[in-house]
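Trainee: Could we take a close look at one part of this protein? I'd like to go slowly.

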Amino acid sequence: MTQTRTVQVVIRGRVQGVGYRYWTRDEALRRALSGHVRNRVDGAVEALFSGPAEGVSTMIEACRRGPPGARVDDIVVAEVESMPSAEGFAILSD
């Protein structure tokens, strides 16, 4: 049985205006993760990833690098108990 892991991730640096949210969605779907990603008013990007523990772990590592053009200065990961309310992976509006 595959263990499900859900985390909230906040990524800081040059992560808005460089396609970070779209890249995150594509990478999460490639790993069969559900959740969402959005820009925050403080300039960070926030994401919720839920799925197989290994997929979530590799997604966190991918977020440390980000897409071409991004510069990740800091990433904060918090384990959460609640699951996303819907299947799939969404880009939430600002």
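Trainee: Which residues have the most contacts inside the largest nonpolar core?

Mentor: Quick heads-up: this is a predicted model, where local features need pLDDT of at least 70, side-chain atom pairs count only at pLDDT 80 or more, and totals for chains, interfaces and linings use all residues. Residues are numbered from 1 along each chain as its sequence is written, and side-chain values use heavy atoms, with hydrogens and water left out.

Now, your core. It has 20 residues, and those with the most contacts inside it are Val 9, Ile 11, Tyr 20, Phe 49, Met 59 and Cys 63. (A nonpolar core is a set of buried Ala, Val, Leu, Ile, Met, Phe, Trp, Tyr and Cys residues joined through side-chain atoms within 4.5 Å; buried means under 20% relative accessible area, with a 1.4 Å probe and protein chains only.) Two or more residues each come from β1 (4–14), α1, β3 (45–52) and α2 (53–65), and α2 gives the most, with 5 residues. Those helices (H or I, at least four residues) and strands (E, at least two) are DSSP runs, numbered from the N terminus.

Take Cys 63: leaving aside neighbours within four places in sequence, its contacts (heavy atoms within 4.5 Å) include Ile 11, Tyr 20 and Phe 49.

Next, find Thr 24 in helix α1 (residues 20–30). Thr 24 counts as buried because its relative accessibility is 1%. A polar atom of its side chain lies 2.7 Å from the backbone oxygen of Tyr 20. Not counting residues up to four places away in sequence, Thr 24 touches Val 37, Phe 49, Met 59 and Phe 89.

Note on methods: Buried < 20%, exposed > 50% of the residue type's maximum accessible area, 1.4 Å probe, protein only. Polar contact = N/O pair within 3.5 Å; in protein donor to acceptor, adjacent residues only side chain to side chain.
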